[in-house]
Amino acid sequence: MTLRERFQETRAKASDGFKGGKLMSSIFRPGSPFRKGYVDSPRNRSYVVMNNVLYHLHPVKVKRHGVRLSYTLCLGGLSFFLFIVLTITGIWLMFYFRPTELAYVDIQNLQTTIAFGSLVRNMHRWGAHLMVLVVFLHMSRVFYHGAYKAPREFNWVIGVILLLLTLLLSFTGYLLPWDQLAIWAVTVGGNMAGYVPVVGAQVKFGLFAGLEATTATLLRFYVLHVLFFPFIIVIFMAVHFWRVRKDGGISGPL
Amino acid sequence: MVDIPEHLLQRSAEARAKALGISIEQAIAEMKGQSDPTVISKEPEVKIIDETPPPAAETPAKPADAPPPPAKTITPLKEEHSTETTEKVAEVKIEEKIPAAETPAPAAETPAPAAETPAPAAPEEVDFAPEVKVTQRLLTVVKAKPIQKPVKEPIDKVNTWPHLMLPEFVALMAMTAFLIFLSAILQAPLLEEANPNVTPNPAKAPWYFLGLQEMLSYWDPQIAGVMIPTVVGLILWMAFPYIDRNPETHPSKRKFAIMFYTFFLAGAGTLTIIGVLFRGPGWNWVYPWIDGIWFDDLLDWIHFE
Ligand code: HEM
């Protein structure tokens, strides 16, 4: 037996013992590729989905035409994924940011003195723009497929709410760097809200926590941005995904 | 073991007897452990990786002196203790019935163990948790009936793993790579500190509101002419599936809807692009390649000089 063979055998044994061991078996449920003895069988393919809490978002089987990339372009999934990326980078940014007069200085420090600060800030910002775009494209995909028709009418309603929440998240985040771009973009946007019929003035006052953008607005937007809207959007996303499945999976084929 | 009510035992024994083709008394005895379980020759589902052709093909079958194959109890019950009950019952139902019909055949063909050809190592049943013994038995076979009646014919389906999850994973990785690349080469803008007393000219909203801002610039005196349609439009947009009663999904049968949305897209896109690129100080028309970019988020993106 050559040294190489002996090495390979030892490695195979170790890997087998590890994969078949108590620890791995306790972490990974039956059917997991990380368990000893995984073979590619129809049953195990089902278990991969059924026995994992995260993959369980999916049904065990999906329509054949639905997995063609050209059908959904994965746009809904990517909207969700961008939301996850934004959550992770956003939490990281929260460590270095105070929604007060110090906000601007905090962002400056983040960019200049903190490792990866600039990169993570850029990812959060461009990711946010990208999410608005991707959600919009997802909506267009759904429209062109007529995927909002019975029995999916209500999921469209939820979708429009998700679009609205995505815009609100992006808009409230826009103010946080507290630079000239932030405050004036939000002032212009907030003034538009003032033109809403009947309750415009009230909406604007509630949005700005006053008559114009101040640090009170900053705090308000911050809380909405990091807590309130994410909380609400997660609930609506849960309903959205649930309805996709309950309405019989992806629509089509055309 | 838990005491099982007699009538349930009876019913289950009947099912077992029917499935295995044995008498009810025999089934009861087996279930109570008073007699060895009926042998069913059944290859476990594990694929044979060994390339040696099965010996049955080479060795002539000797039905006369072939000893019965080593006793194997019905395995599916034992194999995965953790699946949902319904699935298990459904599987057991299928797998038990088929071998029952074929039992004599494979037994007859099994070669004597002493035959020259070494039998390939029997594919191993993987016992995931050897210390856990079988604690349940088949009580009864319930016919699998869906709770909801399927309205349509069965559809062509594929396993989510790997056919959906793999492409999803690739899309996710590609998006991550793209975002990191973008963030590495483009710096997010950070202008001077906020100052309510210095109004920049022009003051622009985020890009997704710029189409709206552009519209407001046309109808400024009659603001109601823009905002009311916007708010009403949003509500109508939500109600859209209830307004569009055409059940067809094929583009050729919903030309109006497709046209409507395409016009909306073109309009919104044009207004947004005008707002982003072609509006400068005083909201006057500018050409970005002559007068420069008047949209700070794009400052780092495009250079015309
Ligand atoms: C945060 C935003 C959103 C997320 C994360 C999201 C996620 C998803 C996902 C993952 C799917 C599965 C199919 C696919 O990937 O296309 C889906 C389907 C769907 N979405 Fe969304 N979505 C969002 C916004 C919207 C919007 C704005 C609309 C419409 C106004 C919408 C309407 C629908 C409908 C009707 C379906 C069913 C499509 C079909 O069966 O073909 N969603 N969504």
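Reader: Let's start with Thr172(A): is it buried or exposed?
Author: This is a predicted model, so take the numbers as computed from it. The cut-off for buried is under 20% relative accessible area. Thr172(A) comes in at 2%, so it counts as buried.

Reader: Which backbone oxygens does the side chain of Thr172(A) reach?
Author: Thr172(A) sits in helix α8, residues 153–175 of chain A. A polar atom of its side chain lies 3.0 Å from the backbone oxygen of Leu169(A). The side chain also gets to 2.8 Å from another backbone oxygen, that of Leu168(A).

Reader: And what does Thr172(A) touch, leaving out residues up to four places away in sequence?
Author: With those neighbours set aside, Thr172(A) has contacts with Phe221(A), Leu224(A), His225(A) and Phe229(A).

Reader: Which residues coordinate the iron, and how many residues apart in sequence are the parts they tie together?
Author: The NE2 atoms of His138(A) and His240(A) coordinate the iron at 2.0 to 2.1 Å. His138(A) belongs to helix α7 (residues 117–144) and His240(A) to helix α11 (residues 215–246), so the pair links parts of chain A whose separation in sequence is 102 residues.

Reader: Are those two histidines buried or exposed?
Author: His138(A) and His240(A) are the iron's coordinating residues. Both of them are buried.

Reader: Now salt bridges. Where do Glu9(A) and Lys13(A) lie, and how exposed is Lys13(A)?
Author: Their side chains meet in a salt bridge, 3.7 Å from N to O. Both are in helix α1 (residues 3–19) of chain A, four residues apart, or about one turn of the helix. Glu9(A) is partly exposed at 38%, whereas Lys13(A) is exposed, with a relative accessibility of 60%.

Reader: Which residue forms a salt bridge with Lys36(A)?
Author: The closest N and O atoms of this pair are 3.9 Å apart. Lys36(A) is in the loop between α2 (22–27) and α3 (42–50) and its partner is in helix α1, so parts of chain A 20 residues apart in sequence are tied together. That partner is Asp16(A).

Reader: What about Arg45(A): buried or exposed?
Author: Arg45(A) forms a salt bridge with Asp40(A), with the closest N and O atoms 2.9 Å apart. Asp40(A) is partly exposed at 40%. Arg45(A) has 19% relative accessibility, so it counts as buried.

How values were computed
Residues numbered from 1 in each chain as written. Chains lettered and ligands numbered in written order. Predicted model: local features only at pLDDT ≥ 70, side-chain atom pairs only at ≥ 80, totals over all residues. Heavy atoms only, no water. Helix = DSSP H or I, 4+ residues; strand = E, 2+ residues; numbered from the N terminus. Buried < 20%, exposed > 50% of the residue type's maximum accessible area, 1.4 Å probe, protein only. Polar contact = N/O pair within 3.5 Å; in protein donor to acceptor, adjacent residues only side chain to side chain. Contact = heavy atoms within 4.5 Å. Donors = N, O, S within 2.8 Å, 3.2 Å for Na, K, Ca; no water. Salt bridge = Lys/Arg side-chain N within 4 Å of Asp/Glu carboxyl O.
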